[in-house]
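Here are a few notes to go with the model you asked about. Keep the structure open while you read, and look at each spot as it comes up.

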Amino acid sequence: MKETILQTKALCKSYTTDGEQNHVLKNINLEIYKSDFTVIMGSSGSGKSTLLYNLSGMDTPTSGEVYCGTRRIDNLKENQLAKLRRTEIGFVFQQMHLVSNLSIFENITMPGYLMNKFPAREIERKALALMESMGIKELKYRLPSQVSGGQQQRAAVARAMINEPVLLFADEPTGALNSKMGREILKLLTDLNRNGQSILMVTHDIKAAVRADRIIYLHDGQLTGEIQLEKYMPDTENDRERQVLAWLTSKGW
Ligand SMILES: Nc1ncnc2c1ncn2[C@@H]1O[C@H](COP(=O)(O)OP(=O)(O)OP(=O)(O)O)[C@@H](O)[C@H]1O
Ligand SMILES: [Mg+2]
């Protein structure tokens, strides 16, 4: 039996713009399992980012419930949500959002200091270990503007990992990268998942989606299907791409 680390019950999110209601997420019932690499796909505007924000405590639903483990999180106060984001959740965006006047090392360690759970020496040791495993240790003192896009994104992943999140969220983490840098980030996420990290990623890219254990399809704010895959192996990539593409086509992708 897989352990559920995140669950929604009848999650709805609406926005009111110019007096008109826009129902972006409609009755989402979803479970995310520990140690899974889960991917969300769906056309532009289907509500993927909105779903990630509502699952990660960056936004709150209009109605319905969200549970992180057994703890209900959709009704938390802003300071409790901020704590949840710092302690339980890591988030990687398409644009890396590194702090431009802090070094790569300072960017990675900062959420560790803010969380104030581990001693500074432990945070610095962890940051260096993450940087080493991601091949960016030599860039410790550089500013984000002095490293490549792929290196910035690796630093953003390291920053998201520093507090050992229960779940790592990624919203199109390869979207702003060329294909070589994109592949490096995908390999990094796959390696993290092999070491037990649970990941929930939104992507438009089949090459990214084939890394998943499970793909969920979102259409116009509703979950309309999912597919379970074998654990990713590089030598099965072409077959997986065909399998995923056929499934996506059947979903109207
Ligand atoms: N803050 C907001 N206020 C009003 N409408 C919003 C807001 N955020 C998102 N929306 C609307 O919600 C819908 C879903 O947006 P969302 O960003 O979740 O889509 P997406 O699936 O992530 O798309 P993309 O693949 O282009 O990133 C869109 O119609 C969008 O215009
Ligand atoms: Mg989006």
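**Notes on helix packing and the ligand**

1. Let's start with a pair of helices: helix 5 and helix 6 cross in a right-handed way. Bear in mind that this is a predicted model. Helix 5 covers residues 149-161, helix 6 covers residues 179-194, and their axes come within 9 Å, crossing at roughly 20°. Angles under 35 degrees count as roughly parallel, so helix 5 and helix 6 are roughly parallel to each other.

2. Who does the touching here? On the helix 5 side you'll find Gly149, Gly150, Gln153, Arg154, Val157 and Met161, and they meet Met181, Glu184, Ile185, Leu188, Leu189 and Leu192 of helix 6. Sorted by class, that contact of helix 5 with helix 6 has seven nonpolar, three polar and two charged residues.

3. Now try helix 3 (residues 104-115) and helix 4 (residues 120-133), which pack at about 135° with axes 9 Å apart. Helix 3 and helix 4 are therefore oblique to each other. Their contact includes Ile104, Phe105 and Ile108 from helix 3, and Ala120, Ile123 and Glu124 from helix 4. By class, it has nine nonpolar, two polar and one charged residues. The crossing of helix 3 and helix 4 is right-handed.

4. Finally, have a look at ligand 1. Among the residues around it are Tyr15, Val24, Gly45, Lys48 and Glu172.

Key:
Residues numbered from 1 in each chain as written. Chains lettered and ligands numbered in written order. Predicted model: local features only at pLDDT ≥ 70, side-chain atom pairs only at ≥ 80, totals over all residues. Heavy atoms only, no water. Axes fitted to C-alpha atoms, helices over the stretch in contact; angles between N-to-C directions. Helix = DSSP H or I, 4+ residues; strand = E, 2+ residues; numbered from the N terminus. Parallel < 35°, antiparallel > 145°, perpendicular 65-115°, else oblique. Left-handed = near helix turned anticlockwise from the far one by under 90°. Contact = heavy atoms within 4.5 Å. Nonpolar A, V, L, I, M, F, W, Y, C, P; charged D, E, K, R; others polar. Near = heavy atom within 4 Å.
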